[in-house]
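Good morning, and thank you for coming. Please look at the structure on the screen while I speak.

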Amino acid sequence: MKNPKSQQLTIYNTLTGQKERFEPLNPPYVGMYVCGPTVYNDVHLGNCRTFISFDVVFRYLQHLGYKVRYVRNITDAGHLENDADEGEDKIAKKARLEQLEPMEVVQRYTVGFHRIMERFNVLPPSIEPTATGHIVEQIQLIRKILDKGLAYEVNGSIYFDVKKYMESEPYGELSGRNVDELIAGTRELEGQSEKRSPLDFALWKKASSTHIMRWESPWGEGFPGWHLECSAMSTKYLGEQFDIHGGGMDLKFPHHECEIAQCKAANNKKPVRYWMHANMLTLNGKRMSKSTGNTLLPQEIFSGQNAFLSKPYSSAVVRFFILQAHYRSPLDISDEALQASEKGFRRLMEAKETLSHLKAGTVSDWDVQSAMARVYEAMNDDFNTPVAIAELFEIVRYINLMKAGEQHLCEKDLTELKDFFHRMVEDVLGLKDEQRSMLDTARLDAVIQVLIDMRQKARQDRNYALADQIRDQLLKAGIQLKDTKEGTTYTLL
């Protein structure tokens, strides 16, 4: 098989509108930043699609041998209800409605987000910084922009001066927006009059008397603008220039456009080489919206408790469904689509199990090297998972023919195929057989329960040495027993 590292990975760069050869700034190191969730509510399925898509990017880059620092932030302050820098902070509003501290809201939904990501087998990022944990860095960034004359203060708020910035730099190049049309189409909002231009955006907002989340700054008590946090945290952990910045398509404007402007203003250089954006997810052909009721949460899919689907679907099946579309293509979720994905996923998992038991022949009578190379060609073409999966199913066809004795592979080719199939399906695509995992968990529970019963019997017989030996040996194996009034439980360390 042709070495995948010798094949050139290409990435569609939203900034240039074309596929480009991936050439990291400092190989083999890669810096990647992805905009994370605003933790004021349960993470919705559209967000999950974005994080699953970039999880595959992260996994594949590592598979190719790159040392990736993946930064995905948590927005826990500064995200107002609309993009015109007006309205209430989303987290503060949730806290007020539920009579909680804002950080209680943050904790609840951050924990919930992590649980859903774990269910989807999304790897944790290398660093997961929070907006509230980087107020100092955001204030420092504002000072740099003010010193360059590209921001101004009004009544304790700091705004980025887009017109001044445009005297030397373009604004709107990422999203392809025409600035004159943007200005003409911008309606005047309450409180917006203090801006010099409706396109200007807040770097720091003065906190009103009712605003819960506030910090001291050189300009008085306030809070950072939403766009600022990503610029501050990405440059802190990845440098003034880094390789990949990702997020959902809805973040191109104004969020990512503002990030570019802030970083250029502060550091006089383009912050990102490759901008990547995942497309939207629709439900039964319509945009997901809480107001219309056309929405579906991950846990509602897993439980089957929803008005749209005929049965529950596992997180692995949903992940497989998402990867059957290219990350840049729109994707519609429906009962029929999930049913088809469930069948495909089971076929893939069964082939993986079959492959593990196959015996080698004396010669290879099908070109397994070319088959594996085609999977890499698809992945190297802007992470084209649907084509890669189609090529994997072509290999599945041969696996089933080998099981029937109609095709054969020599020892070397079979060993290589087994390693390749495991790495591509589990390590790169992140697809794991949940049914198998549940079975393995049940078996582990049964075995440990036998040892717990033996230990209990030893204690009843006053054979404390044996009871302690069972406990200590399990601990050495990474299994900690805990005795309670209700009985003995165990934890995997």
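Predicted model: local features only at pLDDT ≥ 70, side-chain atom pairs only at ≥ 80, totals over all residues.

Let us begin with helix α1, which covers residues 45-63. How far apart should the ends of this helix lie, at 1.5 Å a residue? Its 19 residues should span 27 Å, and the end C-alpha atoms are 26 Å apart, which agrees. Helix α1 is mostly covered, with 16 of its 19 residues buried. Just after α1 comes Gly65, whose phi is positive, at about 100 degrees.

As background, an α-helix has 3.6 residues a turn, so residues three or four places apart point the same way. Among the buried residues of α14 are Leu414, Leu417, Phe421 and Val425. Which helices do the buried residues of α14 pack against? They pack against α1, α11 (335-357), α12 (368-380) and α13 (385-403). Just after α14, Gly430 also has a positive phi, here of about 70 degrees.

I turn now to the sheet. It is an open sheet of four strands in the order β5-β6-β7-β8, and the pairing is antiparallel. Its edge strands are β5 (151-154) and β8 (222-224), each of which pairs on one side only. From one strand to the next, the twist averages 20 degrees. Strand β5 is joined by four bridges to β6, residues 157-160, and the two run antiparallel. Within this pairing, Val154 stands opposite Ser157 in β6.

Which strands does helix α4 touch as it packs on the sheet? Helix α4, residues 135-147, touches β5, β6, β7 (201-206) and β8, and its direction makes about 120 degrees with that of β7. Helix α8, residues 252-267, packs on the sheet as well, touching β6 and β7, with its direction at about 85 degrees to that of β7.

My last topic is the aromatic rings. A search of the whole structure finds 15 aromatic pairs. One of these is formed by Tyr171 and Phe253: the pair is edge-to-face, with 6.3 Å from centre to centre and 70 degrees between the planes. Tyr171 lies in the loop between α5 (162-165) and α6 (179-184), while Phe253 lies in helix α8, so the pair ties together parts that are 82 residues apart in sequence. Are these two residues buried or exposed? Tyr171 has a relative accessible area of 5% and is buried. Phe253 stands at 18% relative accessibility and also counts as buried, because the cut-off for buried is under 20%.

In a further pair, the ring centres of Trp204 and Trp219 are 6.1 Å apart and the planes are at 55 degrees, so this pair is tilted. Trp204 is in strand β7 and Trp219 is in the loop between β7 and β8, 15 residues apart. Both Trp204 and Trp219 are buried. Elsewhere, ring pairs link Phe22, Tyr66 and Tyr274 into a cluster.

Finally, two arginines deserve a mention. The charged end of Arg72 sits over the ring of Phe51, at 5.6 Å from the ring centre. Arg328 lies over the face of Tyr12, 4.0 Å from the centre of that ring.

Thank you for your attention.

How values were computed: Residues numbered from 1 in each chain as written. Heavy atoms only, no water. Expected span 1.5 Å × (residues − 1). Buried < 20%, exposed > 50% of the residue type's maximum accessible area, 1.4 Å probe, protein only. Contact = heavy atoms within 4.5 Å. Pairing = 2+ DSSP bridges. Axes fitted to C-alpha atoms, helices over the stretch in contact; angles between N-to-C directions. Phe/Tyr/Trp six-rings, centres within 6.5 Å; stacked < 30°, edge-to-face > 60°. Lys NZ or Arg CZ within 6 Å of the ring centre and 35° of its normal.
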